[in-house]
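User: Hi! I am new to protein structures and would like to learn how to read helix packing and pockets. Could you walk me through an example?

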Amino acid sequence: MKFDRRRIADVAAVVLLGALAFSAGRSAFAGAPTQTFYQSEFGPAVMLAVGEGFVKPYPAPGGALDAFLAGRARTLESKVPDVVRILEPDQFQNAHRYLLTTVGMWWRVAGISWDRLAEIAGAAHLLAVLSVFALLRLFVAIGPAAVGALWFASSPLQLAYAPH
């Protein structure tokens, strides 16, 4: 396959925009004030991370899993959480199955911690920025498309959404 200058420039722009977007999204999440975002619903993600499948745990009161899901602990060190019983995921968890599965698979690799969600926020921001670049690239030259994607990547409104 023959690569011309245009393709090389596009690939370079995608790589650079992707790195900047990931960094910006990750930093936006890490720099956001600590807030609640349905942490109690992330039980299936924890169970998936420890290899138990997508099930809803009923944590033992006062245990490590209970503290983690209540937001009182930032990390969960235990590989096998203290669970009283296993339930079927509720309607909220089923509606957000892809998000919870993504988090669970990431936690399996990186460790179970609320702070590790910064990488998922960075990846989501990266996808949004590269989508804007690809859309703009359909209609304009690489320069204006890259500027538009950079504007989107650094937009205060877009970065305010990254932690969510």
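**Reading pockets and helix packing**

Analyst: Happy to! Let's begin with a pocket: H1 contributes the most to the lining of the second largest pocket, giving three residues. Please keep in mind that this is a predicted model.

User: How many residues line the second largest pocket, and which lie nearest its centre?

Analyst: There are 14 lining residues, and those nearest the centre are Phe29, Ala32, Thr34, Arg74 and Asp115. The volume of this second largest pocket is about 210 Å³. A lining can also be sorted by residue class: here eight are nonpolar, three polar and three charged.

User: What volume does the largest pocket have?

Analyst: The largest pocket comes to about 410 Å³. It has 18 lining residues, and Phe37, Phe42, Leu99, Pro163 and His164 are the closest to its centre.

User: Which helix gives the most to the lining of the largest pocket?

Analyst: That is H6, with four residues. Helix H5 (97-110) and helix H6 (117-139) each provide at least two residues of that lining. Sorted by class, the lining of the largest pocket holds 14 nonpolar and four polar residues, with no charged ones.

User: Now for helix packing. At what angle do the axes of H1 and H7 cross?

Analyst: For a helix pair, look at the angle between the axes and how close they come. Helix H1 (residues 5-31) and helix H7 (residues 142-154) have axes that cross at roughly 5 degrees and come within 10 Å. Angles under 35 degrees count as roughly parallel, so H1 and H7 are roughly parallel to each other. On the H1 side, the contact is made by Ala9, Asp10, Ala13, Leu17, Leu20 and Ala24, and on the H7 side by Ile142, Ala146, Ala149, Leu150 and Ala153. This contact of H1 with H7 has ten nonpolar residues, one charged residue and no polar ones.

User: And are H6 and H7 roughly parallel or roughly antiparallel?

Analyst: Start with the angle again: H6 and H7 pack at about 150 degrees, their axes 8 Å apart. Angles over 145 degrees count as roughly antiparallel, which means H6 is roughly antiparallel to H7. The crossing of H6 past H7 is right-handed. Residues making this contact include His125, Val129, Phe133 and Arg137 of H6, along with Ile142, Ala145, Gly148 and Phe152 of H7. By class, the contact of H6 with H7 has eleven nonpolar, two polar and one charged residues.

Key:
Residues are numbered from 1 along each chain as its sequence is written. This is a predicted model: local features need pLDDT of at least 70, side-chain atom pairs count only at pLDDT 80 or more; totals for chains, interfaces and linings use all residues. Side-chain values use heavy atoms; hydrogens and water are left out. Axes are lines fitted to C-alpha atoms, for helices over the stretch in contact, and angles run from 0 to 180 degrees between N-to-C directions. Angles under 35 degrees count as roughly parallel, over 145 as roughly antiparallel, 65 to 115 as roughly perpendicular and the rest as oblique. Contact means heavy atoms within 4.5 Å. Ala, Val, Leu, Ile, Met, Phe, Trp, Tyr, Cys and Pro count as nonpolar, Asp, Glu, Lys and Arg as charged, and the others, Gly among them, as polar. On a 1 Å grid over the protein atoms alone, a cavity is a set of points where a 1.4 Å probe fits but cannot get out, and a pocket is an open set with protein on both sides within 12 Å along at least five of seven lines; lining residues have an atom within 4 Å of a point. Grid points are joined across faces, edges and corners, and a volume is the space filled by probe spheres set on the points. A crossing is left-handed if the near helix is turned anticlockwise from the far one by less than a right angle, and right-handed if clockwise.
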